[in-house]
Amino acid sequence: MPELRRSWIPGLVPPGSGALLALPLPEVGPRLMDATPGQVLDAILPDLRRPFPRIDAAIRAVRLYRWEHGWTVFRPGYLHHLDRPHEQRA
């Protein structure tokens, strides 16, 4: 697993671990609004297994955030800031 810890707020991700942000497809999100974290994981895990076939063994925790009338929109190049330490991000 790539070393992602340096890119996060200190202490957020334990040493030797990584973090993955997974967003449901727009057509799936509304039906997951009242779901438990386990139900959400069950709904998105099949899609996560495609690029990460052994992901089940790596999952240690699930944190669920809900936005009823919103969605994530990343501007071009947004994720490149993750290569810089938290203190250097604008």
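Tutor: A residue is called buried under 20% relative accessible area, exposed over 50%, and partly exposed in between, with a 1.4 Å probe and protein chains only. This is a predicted model, in which local features need pLDDT of at least 70, side-chain atom pairs count only at pLDDT 80 or more, and totals for chains, interfaces and linings use all residues. Residues are numbered from 1 along each chain as its sequence is written, and side-chain values use heavy atoms, with hydrogens and water left out.

Student: Is valine 40 buried or exposed?

Tutor: Valine 40 is found in helix α1; helices are DSSP runs of H or I with at least four residues, numbered from the N terminus. Because its relative accessibility is 11%, valine 40 counts as buried.

Student: Which residues is valine 40 in contact with, leaving aside neighbours within four places in sequence?

Tutor: Contact means heavy atoms within 4.5 Å. With neighbours within four places in sequence left aside, the contacts of valine 40 are Leu32, Ala35 and Leu64.

Student: How does phenylalanine 74 count, and why?

Tutor: Phenylalanine 74 has its place in the segment after α2 (55-58). Since its relative accessibility is 37%, phenylalanine 74 counts as partly exposed.

Note on methods:
Helices (H or I, at least four residues) and strands (E, at least two) are DSSP runs, numbered from the N terminus.
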